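Student: I should like to learn how to read a helix and its packing from coordinates. Could you take me through one case?

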Amino acid sequence: GENVLHSWQRPEDVPYMIVGGSPESAQFFHERFAQVFPGTIHTCTALESELAKYAANLYWATRVTFVNEMALICEQFGVDYENVRAAWLSDPRMTSVYTKRAGYPPGFDGRCWPKDLAALIASSREAGYEPGFLQAIGEANARFRS
């Protein structure tokens, strides 16, 4: 889909699963899930699984933020974003997921992305790292949403 969040209706539609925990518990659950889950199962620590979830969600939020910024830049130059998008997506390394702007409100919202962005920024700061790039995504999104 373009900007459509996937709602996984059937187990066979889920592309992958991440099982986090101690090595023993992750392996225990991996073995049981593998009996009923046809997709890829990745095992790791609980913290790694949490960061993998943040990485996935915030990657998509970053794409939406980038698209909104490019659309506004195109508008400022008097250029149709959809034409720029079509040219950009002719590169076989690109995917159209979360690149369509028409028909969607600017920026991102919802249950996961804003919450995950705020949580990872706060946790990073607590760990002693100032996540400037993530902060910029949040600031740009706030600008698009206002």
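This is a predicted model: local features need pLDDT of at least 70, side-chain atom pairs count only at pLDDT 80 or more; totals for chains, interfaces and linings use all residues.

Student: What span should helix α4 have?

Tutor: Helices are DSSP runs (H or I, at least four residues), numbered from the N terminus. The expected span is 1.5 Å times one less than the number of residues. For the 14 residues of α4 (residues 113-126) this gives 20 Å, and the end C-alpha atoms are 20 Å apart, which agrees.

Student: Which residues of α4 are buried?

Tutor: Buried means under 20% relative accessible area (1.4 Å probe, protein chains only). In α4 these are W113, D116, L117, L120, I121 and S124. They lie on the same side of α4, because their arc around the axis is only 130 degrees, taken from the directions from the helix axis to the C-beta atoms. An α-helix has 3.6 residues a turn, so residues three or four places apart point the same way.

Student: What covers the buried residues of α4?

Tutor: Contact means heavy atoms within 4.5 Å. The cover includes α2 (46-76) and α5 (132-145).

Student: How do the axes of α2 and α4 cross?

Tutor: Axes are lines fitted to C-alpha atoms over the stretch in contact, with angles from 0 to 180 degrees between N-to-C directions. Those of α2 and α4 come within 9 Å and cross at roughly 115 degrees. Among the residues making the contact are L51 and W60 of α2 and W113 and L120 of α4.

Key: Residues are numbered from 1 along each chain as its sequence is written. Side-chain values use heavy atoms; hydrogens and water are left out. Helices (H or I, at least four residues) and strands (E, at least two) are DSSP runs, numbered from the N terminus. Buried means under 20% relative accessible area, exposed over 50%, partly exposed in between (1.4 Å probe, protein chains only).
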